Amino acid sequence: MRKTLLAVSIATTLMISGCSLSDNTTHSPAVATPQSQNPLMSASLLQYQAPDFSIIKDTHFQPALEQGIAAHYQQVLTIANNSEQPSFENTIVALETSGELLNRASKVFYNLAGSNSNPTLRKIQGEMAPKMAAHSDNIHLNSALFTRIDTLYQQRQQLGLTAEEVRLIEIYHQRFVMAGAKLTDTQKAQIRVLNEEQSTLTNEFSQRLLRLTKEIAVIVDSAGELKGLSDSEIRAAKADAKAQGHEGKYLINITNTTRQPILAKLENRELRQQVWQASSDRGMSGDNETASLVSRLAQLRAERAALLGYDSWADYRLTPQMAKTPEAVYEMFGSMVPAVVANTQKEADDIQTMINKTGGQFTLAPWDWAFYAEKVRQEKFDLDEASIKPYFEFNRVLEDGVFFTLEKLYGVTLKPRPDLPVYHEDIKAYEMFDVDGSSMAIFYADYFAREGKRGGAWMSSFVTQSTLLNSKPVVVNVMNIKKAPDGEPTFVSYDEVTTMFHEMGHGTHGMFSKVTYPSLSGTAVSRDFVEFPSTFEEDWAAHPEVLANYAKHYQTGEVIPEELLNKLLKSRSFNQGFDTLEYMAAALVDLEWHSLPADAALQDVAQFEAAALKKHGVDIAAVPPRYKSTYFAHAFPGGYSASYYAYMWSEILAADAFAYVQTQGGLNREIGMKFRKTIREVGNSVPPMEAYKAFRGEAPTTDALLKRRGLN
């Protein structure tokens with residue numbers, strides 16, 4: 001049975017390979033699993049087809065992915081070669097319902113590859129990257145299929161379709177055109193080569209970043225060097241060191257940002273510098289260097305854009321976004337730079353004064369900023385971070401903060417589902433119920449850092465909502481919160497609190513979705529709109545009624561004292577110059593990389609970054625970009641190339657919307673349901689600005705953003 005099925009699988013895949021898959025297609029009989037024993041080969045029997053992690057094994061993924069590609073391609077060929085005249089049903093709906101196996105297997109695989117990776121998954125990911133890229137090209141560069149889509153596009157207003165159906169045709173047409181459907185055969189061959197290389201390099205970038213995270217961890221010999229950390233944090237560092245084979249030492253993990261949270265506490269300046277440089281210098285040299293990948297990715301993306309008729313990758317990427325052009329983004333940032341730089345310089349002066357006042361005989365450096373900024377904050381607001389943390393215990397923030405807000409605004413509740421299998425012991429499963437008690441979705445909470453998880457925070461889906469497919473959403477939120485040692489409560493910083501609210505904003509964007517077609521579901525919107533609902537959700541973390549419900553002492557249950565709460569709220573605008581500038585610097589570096597023309601030579605990464613920062617007047621030595629190019633996961637291996645600006649663009653919408661909500665009574669079900677119905681439920685079935693105006697009544701301004709960041 002095993003040998004027979006495997007032979008069929010290989011034969012089918014090789015047949016497709018003969019059409020256009022990469023010549024280096026490989027197969028691994030040793031990891032193949034008979035279909036009868038592979039749970040990915042058929043829909044899960046769990047509620048809403050939630051993956052049955054109790055029986056899914058690493059060996060199941062590659063056979064399911066390869067057979068999924070083969071089956072999907074056969075379905076696509078059937079659609080493309082249909083002798084009947086193209087119709088919405090036999091072309092667009094047929095495409096929407098195709099690829100069931102590939103969709104199911106890839107959603108589970110790529111979620112686990114990012115959040116629970118291991119050498120086996122990484123090997124599969126590397127082998128599948130060029131195959132998946134080739135499969136995408138096989139679809140989008142199929143001339144017969146595009147002819148059918150183009151015919152429907154030209155006739156879309158005369159077909160008697162709904163607005164959602166017309167929009168779906170338009171999105172399909174744009175997607176195919178931007179993938180190269182209108183290119184000549186020679187150009188299509190060229191773009192296939194570029195796409196395969198990009199897929200290979202982005203996968204390699206991700207793999208190297210994962211290896212770098214472990215490689216650059218800082219080992220400390222004695223607890224005395226960790227002065228400034230709490231006893232719990234020191235115990236955790238000792239446990240981490242032991243787990244990595246450094247018995248009797250202490251380990252400081254490096255997160256995937258330039259600034260490191262631990263720098264706000266470490267008193268040892270030499271150790272602060274060591275930690276900061278481990279972060280800032282990563283990827284520039286060594287076996288896992290990523291600098292060469294950055295240069296080549298920027299170059300080949302420019303070449304790809306030129307083939308498609310665009311001046312740069314940034315021009316190409318922004319065409320379907322709200323911003324439309326790189327010039328609009330440069331203008332947005334340019335209008336803000338003077339105020340942001342002035343605020344940042346004032347903050348730097350205050351910090352230098354604090355350094356001098358406390359006996360420091362040195363000029364402010366990047367590794368000093370967080371440590372002395374905390375001292376300035378304590379002096380200005382009489383606020384000690386250590387006095388706040390006991391009021392931000394993880395479970396209480398999640399259940400009495402995030403979940404409480406969802407119920408107040410949107411009428412939904414989440415109940416634990418311990419019976420559902422999970423892919424790691426730290427994960428909890430929940431079921432979401434609507435205001436009428438009907439079941440809506442499954443939600444996985446994966447919040448704690450661990451080896452094998454990439455840095456950052458994100459939302460993803462195992463199953464997307466679609467009435468066409470009769471599917472309900474199965475969603476996961478992922479973060480990298482440092483878990484306390486066993487038996488101790490985990491406390492989160494206020495930044496982590498707001499990130500928990502932010503990611504649930506993405507989560508509910510997926511779980512509230514009420515659209516017909518999967519391509520328009522939930523978060524399948526433009527990059528510079530997708531961060532709007534999530535950023536909007538952040539501000540509820542500071543709402544007095546919400547805070548009073550979750551900010552309670554972990555031992556006594558005492559609500560955070562009003563005086564301490566007022567200090568916290570007043571301090572929210574503190575250090576906003578720094579926060580805004582480091583973000584803007586990263587966004588501008590991203591846009592500059594992807595504004596290079598196709599004939600530009602490979603760039604020296606350090607020199608290019610320095611020139612980009614100087615060009616836009618954001619080159620302040622003590623405030624480097626939030627991400628430098630060599631570990632800029634959003635822009636290079638991730639999906640935010642030329643799009644990191646989207647956070648600020650979306651924040652304009654979020655701040656404007658939140659300010660409007662406060663004029664409508666603030667935290668109440670009526671305005672919450674309006675936001676849910678006009679923004680979250682519609683997915684991409686409505687153009688983003690139309691959706692926004694349906695909620696707000698008018699286009700946004702930047703006034704509320706400047707106020708939100710304390711920059712006006």
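**Labels and the numbers behind them**

Asn575 sits in the loop that links helix H20 (562-570) to helix H21 (576-593). Keep in mind that this is a predicted model.

Q: Why is Asn575 called buried?
A: Its relative accessible area is 11%, and buried means under 20%, so Asn575 gets that label.

Q: What is the phi of Asn575?
A: About 65 degrees, a positive value, although Asn575 is not a glycine.

Q: What makes Lys324 partly exposed?
A: Lys324 comes in at 47% relative accessibility. Buried stops under 20% and exposed begins over 50%, so Lys324 falls in between and counts as partly exposed.

Q: How do you know whether Ser98 is buried or exposed?
A: Check its relative accessible area, which is 13%. The limit for buried is under 20%, so Ser98 is buried. Ser98 belongs to the loop between helix H3 (88-96) and helix H4 (100-115).

Q: What does Ser98 touch, leaving out residues up to four places away in sequence?
A: His72 and Gln75. As for Ala71, Ser98 is 27 residues from it in sequence and 8.9 Å from it in space, C-alpha to C-alpha.

Q: What about His506, buried or exposed?
A: His506 has a relative accessible area of 7%; with the cut-off for buried at under 20%, His506 is therefore buried. This residue lies in helix H17 (residues 494-511). Setting aside residues up to four places away in sequence, His506 touches Met459, Thr523, Val530, Glu531 and Ser534.

Q: Why is Thr200 called partly exposed?
A: The relative accessible area of Thr200 is 38%. With buried at under 20% and exposed at over 50%, that value lands in between, so Thr200 is partly exposed. Thr200 is part of helix H8 (residues 185-215).

Q: How far apart are Thr200 and Met511?
A: In sequence, 311 residues; in space, 32 Å from C-alpha to C-alpha.

Q: What makes H6 oblique to H7?
A: Helix H6 (residues 143-155) packs against helix H7 (residues 163-179) at about 140 degrees, and their axes are 9 Å apart. Roughly antiparallel needs an angle over 145, and roughly perpendicular runs from 65 to 115, so H6 is oblique to H7.

Q: Which residues of H6 and H7 meet?
A: On the H6 side, Leu145, Phe146, Ile149, Asp150, Leu152 and Tyr153; on the H7 side, Ile169, Glu170, Tyr172, His173, Phe176 and Val177. By class, that contact has nine nonpolar, one polar and two charged residues. The crossing of the pair is left-handed.

Q: Why are H18 and H24 described as roughly antiparallel?
A: Helix H18 (residues 527-538) and helix H24 (residues 669-680) pack at about 165 degrees, with axes 12 Å apart. The label applies over 145, so H18 and H24 are roughly antiparallel to each other. Their crossing is left-handed.

Q: What meets what between H18 and H24?
A: Phe529, Phe532, Pro533, Phe536 and Glu537 of H18 meet Phe675, Ile679 and Arg680 of H24. The contact holds six nonpolar, no polar and two charged residues.

Q: How do you know how H24 runs relative to H25?
A: H24 packs with helix H25 (residues 688-696) at about 160 degrees, and the axes are 9 Å apart. Over 145 is the mark for roughly antiparallel, so H24 is roughly antiparallel to H25. H24 passes H25 in a right-handed crossing.

Q: Which residues of H24 and H25 are in contact?
A: Ile671, Lys674, Phe675, Thr678 and Ile679 from H24 meet Ala691, Tyr692, Ala694 and Phe695 from H25. Sorted by class, they are seven nonpolar, one polar and one charged.

**Confidence**

Q: What is the average pLDDT of the chain?
A: The average is 92, and 95% of the residues score at least 70. Over residues 1-35, though, the pLDDT is below 50.

Key
Residues are numbered from 1 along each chain as its sequence is written. This is a predicted model: local features need pLDDT of at least 70, side-chain atom pairs count only at pLDDT 80 or more; totals for chains, interfaces and linings use all residues. Side-chain values use heavy atoms; hydrogens and water are left out. pLDDT is the predictor's confidence in each residue, from 0 to 100. Contact means heavy atoms within 4.5 Å. Axes are lines fitted to C-alpha atoms, for helices over the stretch in contact, and angles run from 0 to 180 degrees between N-to-C directions. Helices (H or I, at least four residues) and strands (E, at least two) are DSSP runs, numbered from the N terminus. Angles under 35 degrees count as roughly parallel, over 145 as roughly antiparallel, 65 to 115 as roughly perpendicular and the rest as oblique. A crossing is left-handed if the near helix is turned anticlockwise from the far one by less than a right angle, and right-handed if clockwise. Ala, Val, Leu, Ile, Met, Phe, Trp, Tyr, Cys and Pro count as nonpolar, Asp, Glu, Lys and Arg as charged, and the others, Gly among them, as polar. Buried means under 20% relative accessible area, exposed over 50%, partly exposed in between (1.4 Å probe, protein chains only).
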